[in-house]
Amino acid sequence: MTPSEPVVRLRDVRQQYGTTQALAGVTLEVPAGCMVGLIGPDGVGKSSLLSLIAGARAVQAGSVRVLGGDMASKAHRDAVCPRIAYMPQGLGKNLYPTLSVEENLQFFARLFGHGGAERRRRIDELTRSTGLHAFLQRPAGKLSGGMKQKLGLCCALIHDPDLLILDEPTTGVDPLARAQFWDLIERIRRQRPGMSVMVATAYMDEAQRFHWLVAMDEGQVLATGAPQELLARTGCDSLEEAFIALMPEEKKRGHQAVVIPPLQVDDADVAIEAQGLTMRFGDFTAVDHVNFRIRRGEIFGFLGSNGCGKTTTMKMLTGLLPASEGRASLFGKAVDPNDIDTRRRVGYMSQAFSLYGELTVRQNLLLHAQLFHVPADQRAARVQAMVERFDLQNELDALPESLPLGVRQRLSLAVAMVHQPELLILDEPTSGVDPIARDRFWQLLVDLSRRDRVTIFISTHFMNEAARCDRMSMMHAGRVLDSDRPAALIAKRGAATLEEAFIGYLVEAAGDAPTADEAPVIETRATPAPAAIGHRAPFSLQRLFSYLWRETLELQRDPVRAAMALLGSLVLMFVIGYGITLDVENLKYAVLDRDHSEASQNYALNLAGSRYFSERPAIKDEADLDRRMRSGELSLAIEIPSGFGRDMLRGRAVQISAWIDGAMPQRAETIRGYVGGLHQKWLAQQLAERGMSVPQTASVETRYRYNPDVKSLPAMVPAVIALLLLMLPAMLTALAVVREKELGSIINLYVTPVTRLEFLLGKQLPYVGLAMVNFLLMCAASITIFDVPITGSFWALALATLVYAIVATGIGLVASSMTRSQSAAMFIALVVTMVPAVQFSGLLHPVTSLEGAGRLIGDIFPSTYMLIISRGVFSKALGLRELGSALVPLLLAVPVVMGTALALLKKQEA
Amino acid sequence: MDAVIRHLSNIVRLGVKELWSLWRDPMMLVLIVYLFSVAVYSSARAIPETLHLAAIAVVDEDHSPLSQRIVAAFYPPLFTQPTLITRDEMDAGMDTGAYTFVINIPPDFQRDVLAGRAPAVQLNVDATRMSQAFSGSGYIQQIVLGEVQDFVRRYRASSTLPVDLNVRMRFNPSLTQAWFGGAMQYVNYITLVSILLTGAALIREREHGTIEHLLVMPVTPTEIMLGKVWSMGLVVLLAAALSLFFMLRGVLGMPIEGSAPLFLAGVALHLFATTSMGIFLATVARTMPQFGLLVMLTILPMQMLSGGSTPFESMPLFVQRVMQLAPTTHFVELAQAILYRGAGIDVVLKPFLILALIGSTLFALSLSRFRKTIGQMA
């Protein structure tokens, strides 16, 4: 590849998700060896485009050629994947928050096949040059936004890529960290001049430093060219204006620059005041002695990066969070979470779009009007007024989720204003909205402030928005650096822009803490690394191990899942062992003796002697019998008629009645058997006493084998072990995979050299190990607590369990490939394991007793065979030789289940 | 007075909002409809009658008319067609679970019977199959001896005592397993769905961030919780009533012995307890998956040990004692009493009172926990 050849070549690329057209025919040639910026608001297709180029997403239509080959071809993707590095959108999205910096880097380095010494060298070099070396042991989740981005970059650079793709790497990061990040990229590029970098960004001002820009809107390219070129073409001063100028006519219609009339306020009329406001979570101080005063009618801005304490401060002001220290007052009254009346004077719009997605626009407005107690006769008018003011007429009956982001934001504002509050608290209301919608939103705010004298307290991480406020506070790490008019702040620092001023404050706040960024970036880059670049082993134990090791670490650090994995089976074993008891004992019965003769008492005594029955006070009369049976107190009532003893002696036919509660058929059946048996015994006794012999023709000698006492526990415990070894491992494995999908780290499967089989085995093996640990625990519990010994070959059982655990976790993998959310994965894993295992595998009713579909499921489901083996080893004293025929179907299930899981797992996003 | 009206109106509004949310959540609706119709039906039908197609084999070493007569006495649906095997095949067949019962008729059986030597037939039972072992061996014994008796009767008469035992099944005379299985699963689903719905309603608010909105509005945590309790309780009550009339009584043809309104009153009381529990669990769990795991670890024991699946009195004593604290135990007790045995309020007053007590305690606990944690949810 010569430098002049484009690194990326797109022709008529189209991408569609459901009804949303993400890319509508993009044709583009990206020059190699330079910094390329993709600009445009959220949701215009930047991320889709980058993920296509990275090979993370499957190409739907058109051609995507990267580094000289077609990305639709698997062979080419496999070949170039080690040359591309991709950092997806979202702070640290492809990182593992519970893993430390070191562990994250080790994970990625292993995936790219570096040896131990090489890994150490690269990790040390990268972290030294990015200033992360001191934090190697810190979990990634506890890093600041800027450090997370640096770690993401280190992970991306660990394998010397030729194409570096960064999707919004600096969104929500403070300007100083942002500047440092770009310096770092610049220095790396100087070391590796051949490397191409593609960056998507929502900050237009940031795009100024790139070599070549692609402006995108609604899945289409608006324009390309160097920043200066674009400015010149549109005749604008800033890229933001240029972007607006480039947008299609129909979208621009009605757009006008925001005009802010001068502010007229009364200095004594204070809407919000905070003094020494502090919030601590444990030993972490989120907000540190913050002071400010906001006058009525003012627009007050809070500028700062993600996690600097803006949201926490706002929550304290609304009473959502009680302050640890200091005081805040609204309209001269201290903020009191229990003061319902102040709340009516405040409107709040939270960071996440948080209206009821299930309610229509009209219902949302109405609900808020009702809950804020707008008088009933004014509600309709008020809702109507909001609809007109915020231009929602055409969306009245739509569900918010179906609306574009800009409209949703107006709706949020309308909802916050429906009770006509005097104060509006807005937490980053405009993130992700295109510049036109943002200007329109700001115009509404300005009108509210100047016309309706509403005080507005707004937080943002956009500099140009902060510049529009009457006054603003710059916030960093929980502290307010300074508060003043934006112009005054710029003047104070002698800076040209607000950004520069902010950076000045940040540098000052950091004191002279050394920024390690000054260290030289990796010098050894000239010598090509011995890493396996360009060719890839079809199966690598190292990559498998990398996933296995990481999964194990993560599981160790997630208390809920770990507890479930280790103790869940024991808890459930006790519950089911005792719960599904088929023993019928201590049956409550009582006698209605109308005879009171020696014979009748003798009959009653015969029952009382049985261990199956426990006698209750005698029944008084018919009504008593009825009541006590209805309440469930008695399962059996014996009625001995009057004259029983006399009639029997005279040889007259007499009849004893036994009333059995038939509500529980199984129990009733058993009672019938017991009573019948006791009756026969009594008859034989009576005959013997009279010197008569029972006429015997033949007898049946019953041998209860394997479980001579016919107790429930020896029958249930081995079955429960088999049941739990299926259900829990399947569920946990399914969760483990879908969790990656939900959190976004699945992207590492898409863009690193790891193969699907390595990924699956790496995810699966820790849970197979856990299943074996659970198996040992349950065996121990069975022997010691339940007193159910293992009579057969333990090793045969252990071997079968191992195979079974592989099948069970494999079923979890299959379940995970069908779903996207953890809840659904759990549900599906539960249904596909529990239902067949409980109903069709012979847990309660032998498979041989089933018919039709149930029988078919029972014959192929692995639990059937595990149950045979488990019961065989526990109760029937069997070994591998006798149980071999049951092990074969289990072994056969392994390739079937794993093959299905492998076939369903995609190496690219659809 | 004004304040009371305001509280009530807030509670009503918040509940109506929950109803709308549920209405637009097709997954949940499908789940509710499925559980109370298809799942109730299939659990009624899935459980075979106690003895159904029990696998039986016979080792006939006699080959006499009597032994053949015995073999012919076993046939579906109670038993499978008996397999004739040799003595050597018996152990392997029982070890692999191919047969639950093996009858061994010894050589010269018929001759010995006729000679009055009372020979023994050996019956081998796989006692790890509890559900069939007991009742099955009873049946087999009766059938074998009955055949022998009939066979012998042709040769001589017998005498016995004139005392007869008249066994009568009350409440479910034909011991229809479907009524029990269907109704008990139905009772379980009432508990499960109410906990799931309420818990999910709270977690959804938390995941979508709408709880934050509620908290800055002039409504109190008590109102928020009560709004969820009444609305989700009402949905489950309605589903339960429909399922009772159309599914249990209609499709399954189960006679409802007692008063349906009394039973539904019991359901309402139970729902008060379970919806409170749902809220409690949702305050403990942070996400839906965690909630799911928690539900498994709490509801499964509560249901399995409540006496709904197997007899309560046969459980270990300490389990019985602990389970007195669970609402399900008392709910199952009153449900069985009313549905199967036609009990009136005089009979089930005790479980009603205990359920009310447990419900109020759970509600108070949940409310205090909800108030404490709601601030951290936003």
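Q: How many helices and strands does chain B have?
A: The secondary structure of chain B has 14 helices and five strands; helices (H or I, at least four residues) and strands (E, at least two) are DSSP runs, numbered from the N terminus. This is a predicted model, where local features need pLDDT of at least 70, side-chain atom pairs count only at pLDDT 80 or more, and totals for chains, interfaces and linings use all residues. Residues are numbered from 1 along each chain as its sequence is written, and chains are lettered from A and ligands numbered from 1 in the order in which they are written.

Q: What does the C-alpha trace of chain B span?
A: About 95 × 45 × 40 Å along its principal axes.

Q: Ok, switching to chain A. Which domains does the assignment give?
A: Domain 1 (8-250), domain 2 (266-339 + 455-509), domain 3 (541-577 + 711-904) and domain 4 (587-689). The bounds come from an automatic or database domain assignment.

Q: How far apart are domain 1 and domain 2 of chain A?
A: Their C-alpha centres lie 32 Å apart. Ten residues from domain 1 of chain A and 14 residues from domain 2 of chain A make up the contact (C-beta atoms, placed from the backbone, within 7 Å).

Q: Which helix gives the most on the domain 1 side?
A: Helix α6 (residues 175-191) of chain A, with three residues.

Conventions: Two residues are in contact if their C-beta atoms, placed from the backbone, lie within 7 Å.
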